[in-house]
Amino acid sequence: PVSFKGDKREIYVDGEVFLDVTRNEGNPFVVKTDRMAVEVLGTSFNVKSYGNEKTDDVVLVTGSVHVRTETAVPVHIDR
C-alpha cells in the first residue's frame, strides 16, 4: 500500500515481492508469511514464499533485516 492506517506498517506475502522500504526507525516495516516475519527499518530486499514450497527466501540488496521464523522451516538470507 502507498499508506498504512495507524502505526503499523505490515503486509502479508504469499508469492514473491521486491520491496524498497523507506526508513522509519519509530515504525518498522514487517513482511509476514506463513513461516516467518521479516522486520526492517529501511532497506531493499526480496521475499519469496509459496505455500507449496518447503522454504521461504529473503534476498537482501541494501540495509539489514531481522528474520523471526514462525516454525522450524529453514530461512535463507543472502546479501
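A: Leaving aside its neighbours within four places in sequence, serine 44 is in contact with Phe18, Leu19, Asp20, Leu60, Val61 and Thr62, where contact means that heavy atoms lie within 4.5 Å. This is a predicted model, in which local features need a pLDDT of at least 70 and side-chain atom pairs count only at pLDDT 80 or more, while totals for chains, interfaces and linings use all residues. Residues are numbered from 1 along each chain as its sequence is written, and side-chain values use heavy atoms, with hydrogens and water left out.

Serine 44 belongs to strand β5, and here strands (E, at least two residues) and helices (H or I, at least four residues) are DSSP runs numbered from the N terminus. With a relative accessibility of 8%, serine 44 counts as buried, because buried means under 20% relative accessible area, exposed means over 50%, and partly exposed is what lies in between (1.4 Å probe, protein chains only).

The partners of β5 come next. Strands β5 and β6 run antiparallel to each other and are joined by 5 bridges, two strands being called paired if DSSP finds at least two bridges between them. Within this pairing, serine 44 stands opposite threonine 62 in β6, and the two strands form a hairpin with 6 residues between them.

Although leucine 60 and phenylalanine 45 are 15 residues apart along the chain, their C-alpha atoms are separated by 4.5 Å.

A search of the whole structure finds 7 salt bridges, each being a side-chain nitrogen of Lys or Arg within 4 Å of a carboxyl oxygen of Asp or Glu. In one of them, arginine 35 meets aspartate 56, with the closest N and O atoms 2.6 Å apart. Arginine 35 sits in the loop between β3 (29-32) and β4 (36-40), and aspartate 56 in strand β6, so this pair ties together parts that are 21 residues apart in sequence. Both of these residues, arginine 35 and aspartate 56, are buried. Another salt bridge joins lysine 48 and aspartate 57 at 3.5 Å, N to O, and lysine 48 counts as partly exposed because its relative accessibility is 23%.

The nonpolar residues give a further view of the interior. A nonpolar core is a set of buried Ala, Val, Leu, Ile, Met, Phe, Trp, Tyr and Cys residues joined through side-chain atoms within 4.5 Å. The largest such core has 14 residues, of which Leu19, Phe29, Val31, Val38, Val40, Phe45 and Val65 touch the most other members. The elements that give two or more residues to this core are β3, β4, β5 and β6, and β4 gives the most, with 3 residues. As background, nonpolar side chains tend to be buried together in soluble globular proteins. Phenylalanine 29, for its part, touches Phe4, Arg9, Ile11, Leu19, Val21, Val38, Glu39 and Val40, if residues up to four places away in sequence are not counted.

Finally, the whole chain can be considered. The protein chain has 0 helices and 8 strands, and buried residues make up 34% of its 79 residues. Among contacts between residues at least 6 apart in sequence, 31% join residues at least 24 apart. The confidence of the predictor is given by pLDDT, a value from 0 to 100 for each residue; the chain averages 84, and 86% of the residues score at least 70. Confidence is highest in strand β2 (residues 15-20), at a mean of 95, and lowest in strand β8 (residues 75-78), at 54.
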